[in-house]
Amino acid sequence: MCVKGATVGDTLDHNRLTTPLWRERTDQPFEAIPWERAFSILESQIRRTLATKGPQALAIYGSGQFLCEDYYVANKLLKGALGSNNFDANSRLCMSSAVAGYSRSLGSDGPPCCYDDLDQADLVLLIGTNTAECHPVLFQRLIKRKRKVGDGLRIVVADPRATATADAADLHLAIRPGTDLALLCAVGHRLLVNGGVDHAFVAAHTEGFADLEALWRAWDPQRAAAVCGVAPEAIEQLADWWMASHGALSLWSMGVNQSREGTATVAGICNLHLATGQIGRPGAGPFSLTGQPNAMGGREVGGLAQLLPGYRAVANPEHRAEVERHWGVAPGSIHPEPGLAVGAQIEAMEQGAIDLWWVAATNPLVSMPNLDRVRAAVARCELVVLTEAYANTETQAVAHLVLPAAQWSEKQGVMVNSERRVTLCRAFREPPGEARPDWAIFAELGRRLGFEQQFGYDTAAEVYAECVALTAGRVCDSSGLSHGLLAEHGPQQWPFPAGRSPGEGGARLYLDHQFPTPSGRARFHADLPMGLAEPPCERYPLVLTVGRYLGHWHTMTRTLHAERAAKQHPEPLLEVHPSDARSHGLVDGERARVRSRRAAVEAKVLVTDRIRQGTVFLPMHWGASQVNACEANRLMHEEGCLHSKQPELKAAAVTLEPVG
Ligand SMILES: Nc1nc2c(c(=O)[nH]1)N[C@H]1C(S)=C(S)[C@@H](COP(=O)(O)OP(=O)(O)OC[C@H]3O[C@@H](n4cnc5c(=O)[nH]c(N)nc54)[C@H](O)[C@@H]3O)O[C@H]1N2
Ligand SMILES: Nc1nc2c(c(=O)[nH]1)N[C@H]1C(S)=C(S)[C@@H](COP(=O)(O)OP(=O)(O)OC[C@H]3O[C@@H](n4cnc5c(=O)[nH]c(N)nc54)[C@H](O)[C@@H]3O)O[C@H]1N2
Ligand SMILES: [Mo]
């Protein structure tokens, strides 16, 4: 078991919020208040805002750590009852490029693969994922197989750092940050030239190959090698293994998604699979690894500003009408335009256009890019609400109203993982004090705002039943699932339409090579590689990338209380290549200042040749409230992918100097 799972029991009772807290201004101390008062504060703010500025001045920022039920009720409240689509989630920072990329290439969101594919592939490309530290259980499965079959399984890692994941690879491509798309194009080039394209598959099941062919022709391995900063032979090796492979599986995570060309890079991965017919069969396919425990479920439930439940789109009039009918709200209740993604919510706050910003199950004052700007924007919002399990997070410092949340182990509901497997998480302890499940808080507010019928749920099982009914006939059909079935038979994969028997859910999608596009064909995309939004320059000559440690979870609200994790990683370390350390006058073990165009932070230096020259690394975990605070995201910029609106959290131009 992963260290975080093994130690979660130590973390549940520390430092919990147990009652609602309130203060009128953020320079005042909080006072404990009863729920009744908390609801009346919310209710009167919402009524006032609706009467003055209208529903577009309301926004909720939720989380891939919501249960499906939490997501569903929050979306129904804001999008259905109140008429604002400004529900976004931290999945915007995490999975939205995968969502946009799958939709663009395959016609719908939904990873087509399953974990068994790890046991059947003979080539696994790990691109922009430190699987060993971030999906350690999955990684162990891969390593076990590698030990058994040796060269029968080739593992290729593309990552600017020599991570624990790269240690296990047959081939490590230590590419420059932001050059993944060039790399993928060059692999395509070599396949094209050497007869590796499956032209029969391309002709029967895809469209748009001519443009892609022209793009690939322009990116020979020499050209890509110069851009990526690796040897051309290494790129050719990957292409040759791909060509020889009977099952090529690509796994990716934030090194791909958190980029201004995240969606294009996901398409670049899909392009390779489609051009070689490596999709819709065992051991093959483009497999996005989900970050948070239920970011997948959130996508199915419509938990982003442009989505509605059942992989539906706000912009589609039929989809809106179907959802309005199901929700029992008047036709036209759902606003016809996508709501504000979280970056746009911040901009709207800067302009004084948001009255109520409700944050739940996320800690944006650590995890959002360009934190100084976020902090200033949020200060302009009349009412900032935070629903949290733990006390005194960085986001609590900017909140007026704090609501205590029941968390995992204390509330019942459903989560969905990367391979579309749906798990019922059961409550087996009482929530502390007056903490409540997120869905129950949103539902009670809905009733108080006059939607008794729409929010009259007694249990999470009722919420789930209503939610899965909306997926019938969709790619993510889960209409045969219920809390009862999951409790009795254990986790199930979707698609699971009504009438399926337990264990008969869909292990893989697109086995018939029919794709949910109007033509039934998957689409190639010929996006030009652009590189980083903020490339290094004379003043800021290095690229800072920000990621994770094995033992810590994001903003450490939980893992801080796990002794084993805290001992394993006592402080944040700035990883610097020896030659960069020399040229910037830095010494291992001493402190350095990292400066970007936006801010400067300090950290202890770790000189290591396990990072590419020109790239430096900081962990994301240590926010302002920590003893060893190191707010990496004060340095990062918010520019992101045009399709997915996911910010480029993996790269900012920085310079270094010794402290003192
Ligand atoms: N221990 C731990 N595990 C976690 C989490 C956690 O907080 N702690 N969080 C979970 C969540 S929500 C998520 S989203 C996942 C994230 O899982 P990962 O994406 O695997 O983790 P990261 O460390 O964010 O980044 C992965 C790698 O991307 C590399 N990288 C940076 N820039 C580039 C680039 O331009 N190209 C390529 N190819 N690689 C690049 C970095 O060097 C880093 O090693 O982890 C999940 N699992
Ligand atoms: N530079 C840089 N920035 C990044 C990233 C990166 O790689 N680089 N990664 C991005 C990614 S992929 C992600 S997912 C985000 C993660 O960033 P956040 O979402 O901000 O991080 P968490 O610490 O997971 O915050 C979740 C919060 O919810 C609380 N919580 C837990 N369970 C519950 C519950 O049931 N209900 C409620 N109401 N609260 C609960 C926890 O105590 C915690 O404070 O960070 C993003 N930011
Ligand atoms: Mo994530």
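User: Where does the charged end of K76 sit?
Analyst: In this predicted model, the charged end of K76 sits over the ring of F455, 5.3 Å from the ring centre.

User: And what about R223: which ring does its charged end sit over?
Analyst: The charged end of R223 sits over the ring of W219, at 3.7 Å from the centre of that ring.

User: Changing topic, how many aromatic pairs does the structure hold?
Analyst: There are 15 aromatic pairs in the structure. One of them joins Y102 and W252: the ring centres are 5.7 Å apart and the planes stand at 50°, so this pair is tilted.

User: Which parts does that pair tie together?
Analyst: Y102 belongs to helix α4 (residues 96-106) and W252 to strand β9 (residues 248-252), so the pair ties together parts 150 residues apart in sequence.

User: Are Y102 and W252 buried or exposed?
Analyst: Y102 is buried, at a relative accessible area of 0%. W252 also counts as buried, with 0% relative accessibility.

User: What about W408 and F428, how are their planes set?
Analyst: The planes of W408 and F428 are at 80° and the ring centres 5.6 Å apart, so the pair is edge-to-face. W408 lies in the loop between β15 (401-404) and β16 (413-416), while F428 lies in the loop between β17 (421-425) and α20 (438-448), so the pair ties together parts that are 20 residues apart in sequence.

User: Buried or exposed, those two?
Analyst: W408 counts as partly exposed, at 36% relative accessibility, and F428 is exposed, with a relative accessible area of 54%.

User: Which residues do ring pairs link into a cluster?
Analyst: The cluster linked by ring pairs consists of F66, Y71, F87, W358 and F442.

Technical notes:
Residues are numbered from 1 along each chain as its sequence is written. Chains are lettered from A and ligands numbered from 1 in the order in which they are written. This is a predicted model: local features need pLDDT of at least 70, side-chain atom pairs count only at pLDDT 80 or more; totals for chains, interfaces and linings use all residues. Side-chain values use heavy atoms; hydrogens and water are left out. Rings of Phe, Tyr and Trp (its six-membered ring) pair if their centres lie within 6.5 Å; planes under 30 degrees apart count as stacked, over 60 as edge-to-face and the rest as tilted. Helices (H or I, at least four residues) and strands (E, at least two) are DSSP runs, numbered from the N terminus. Buried means under 20% relative accessible area, exposed over 50%, partly exposed in between (1.4 Å probe, protein chains only). A charge sits over a ring if NZ of Lys or CZ of Arg is within 6 Å of the ring centre and within 35 degrees of the ring normal.
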